[in-house]
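Here are my notes for you on this structure, in the order I would go through it myself. Keep the 3D view open while you read.

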Amino acid sequence: MKSLCAVVLVVFFCSAFQDGLSQQAKTDSLLRVIPGMEKSSERVDALNELAFHFAIMSPRDSEKFVEEALALARDIQYKKGLAESLKILGVIYYSRSEFSLSAEYSYQALKLFEELGDKSGQGKVLNNLALVFSAQHEVEKLYEFSQRSLRLKRAVGDSVGVANSLLSLVDYYRQTKKFDQAQRYCKEALARYHALHNDLGLAHASRHMGEVYADEHNYVMSASYFKDAIHFAKLANDHFEIMGAYRNLGHLFLHAGGFDSAQYYYRKSLQQARQYGSQSHEMLANQGLSSYYSKLNQFDSALFYFQAATTIERTIFNSEKLQQLSALQILYDFERKEQEIGFHKKIVQRQYVAIIGVTAILILTVMIGFKFYYLNRTNLRAKEDLLKLNTEIHSMNENLEQLVQKRTEEIKLQNQRLVEYAFFTAHEVRGPLARILGLIELAKLKDISSEDKDQIMARLEDTANELDEVIRVINRKLENARQKL
């Protein structure tokens, strides 16, 4: 039996190690290939994949890759890549506890995924928003977005996504003190992660289960699940989950009275946070150590860690976390700060009203100027059209005069030819015609001989031929005149 268990453990760890190696090999391959890739959608996808991988191990590197992907996606108008980049930015700002920025980028990503009809992308972003509302203790929105995310992920068959959304619902039931339902959803998520051999998911689910048992003051079960979370987080190389689990164990032992263990785990969490540059986790670890020293009545040390946590709080602009530090709030004059904030708010409001007024005046001025410019431009165009029309009319008049002059000259020429024709007809035709008429009268005489009649007929024939030739000449002249016209 022992040998069988040993074999199972060896196979499990070898599988996890091979997954880690394959992921690292893929990351190394992307790092080598990306510099030679053209500015295309493939480059955006590769940068987003790198950013997502480094989001856990190195948020600064992740932010560098995702900002390059974001700029390129906007440049080439690649909506899917842009949506993915915005989603990853939301995750990065969530890990820094900058929830306003996280929500802003997540909403932008959600809008793009909705335009693309990408249900899987919508489901992931909705779950990210649920986590933001969980951190801000807005339980109604947490429930709404978790349920919407869960429905979409079930619709597309995303088993890992379903488990993630179930954990968001666990947060809701914890915050509303419904621990039985929280345990039920957490167990379902754990079963899904186990079936998928998802170490990262197992780490998250184990820590959630530990928190549920801690809420019920079952410290033994809670500690067991927190340690499972650390184990799986180490396999998944998720340093942030390890920090959170260490801090959970610190809280657990502090409430249970195990002060030495509480200090050990708080310091482990603080050490990890400083090593991996997580200001939010460093702040929370300092808060835990401040509470620890307050429990021991060591107020100098408590104040030291409280001030360290407050300094980090100011650095990451998270006022909501500051309100949770109730142990040493007496050190601050909150009333004076509230008065100063109110005074500054009034100044900002007045400046805002003034800016709106000036902006409105500028907009009105621009609109009036644009109107005058449009009218002036219209008048200039009308004037140009009128001048152009006058030019065309003048040109038409000149052409008309030329046409009239040409037609007059043609009529004169035609009249002259008619006169010539009439003159020609009068002289050329009447001669032969008169001779024909004379010969006909001679032929009518009764006392002429047959020989004379023959001569008369011959002369008559010659004269008729002459008249025929004259008529042919006239016809040729008429044809030539018509061709010239």
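1. Let's start with a term we need throughout: a residue counts as exposed when its relative accessible area is over 50%, as buried when that value is under 20%, and as partly exposed in between. Take Asn297: its relative accessible area is 54%, so it is exposed. Keep in mind that you are looking at a predicted model.

2. Now the overall picture. The protein chain has 18 helices and 0 strands. Of its 485 residues, 35% are buried. The accessible surface of the chain is about 30,100 Å², and carbon and sulfur atoms account for 57% of that. Among contacts with a separation of 6 or more, 55% are between residues 24 or more positions apart.

3. Back to Asn297, and on to another loop residue. Asn297 sits in the loop between α14 (279-295) and α15 (299-315), and its phi is near 65°, a positive value in a residue other than glycine. You'll find His137 in the loop between α6 (119-135) and α7. With a relative accessible area of 48%, His137 falls under the 50% limit and so is partly exposed.

4. Which residues touch the most other members of the largest nonpolar core? They are Leu86, Leu129, Leu167, Val170, Tyr193 and Leu249, in a core of 73 residues. Helix α8 (residues 159-175) gives the most to this core, namely 8 residues. There is also a second, separate core of 10 residues, including Ala285, Tyr292, Tyr293 and Tyr305.

5. Have a closer look at Leu167, which lies in helix α8. Its relative accessibility is 5%, so Leu167 counts as buried. Leaving out neighbours within four places in sequence, Leu167 is in contact with Cys186, Ala189, Tyr193, His204, Ala205 and His208. One of these, Cys186, is 19 residues away along the chain, yet the two C-alpha atoms are separated by 6.2 Å. Val170 has its own set of contacts, not counting residues up to four places away: Ala182, Tyr185, Cys186, His208 and Val212.

6. What does the side chain of Ser149 have beside it? One of its polar atoms lies 2.7 Å from the backbone oxygen of Gly123. Beyond four places in sequence, Ser149 touches Gly123, Leu126, Asn127 and Ser165. Counted in that way, Ser146 touches Ala130, Ser165, Ser168 and Leu169.

7. Next, the charged pairs. Side chains of opposite charge can pair when their charged atoms come close. The whole structure has 15 salt bridges. Glu84 and Lys87 form one of them, at 2.8 Å from N to O. These two are 3 residues apart in helix α4 (residues 79-95), which means that about one helical turn separates them. Glu84 is partly exposed at 24%, whereas Lys87 is buried at 7%.

8. Compare that with Arg207 and Glu241, whose closest N and O atoms are 2.5 Å apart in a salt bridge. This pair links distant parts of the chain, 34 residues apart: Arg207 is in helix α10 (residues 199-215) and Glu241 in helix α12 (residues 239-256). Buried or exposed? Both of them are buried. They also belong to a network of salt bridges that links Arg174, Arg207, Glu211, Asp215 and Glu241.

9. One more pair: Arg274 and Glu282 form a salt bridge, with 3.4 Å between the closest N and O atoms. Arg274 is exposed at 51% relative accessibility, while Glu282 is buried at 18%.

10. Leu364, Ile368, Phe370, Phe372, Tyr373, Tyr374 and Leu375 make a nonpolar patch of about 780 Å². One of them, Tyr374, is in helix α17 (residues 334-444), and at 46% relative accessible area Tyr374 is partly exposed.

Key: Residues numbered from 1 in each chain as written. Predicted model: local features only at pLDDT ≥ 70, side-chain atom pairs only at ≥ 80, totals over all residues. Heavy atoms only, no water. Patch = residues over 30% accessible without salt bridge, like charges linked within 9 Å, V, L, I, M, F, W, Y side chains within 5 Å. Areas by Shrake-Rupley, 256 points an atom, 1.4 Å probe, with all protein chains shown as cover. Salt bridge = Lys/Arg side-chain N within 4 Å of Asp/Glu carboxyl O. Helix = DSSP H or I, 4+ residues; strand = E, 2+ residues; numbered from the N terminus. Buried < 20%, exposed > 50% of the residue type's maximum accessible area, 1.4 Å probe, protein only. Polar contact = N/O pair within 3.5 Å; in protein donor to acceptor, adjacent residues only side chain to side chain. Contact = heavy atoms within 4.5 Å. Core = buried A, V, L, I, M, F, W, Y, C linked by side-chain atoms within 4.5 Å.
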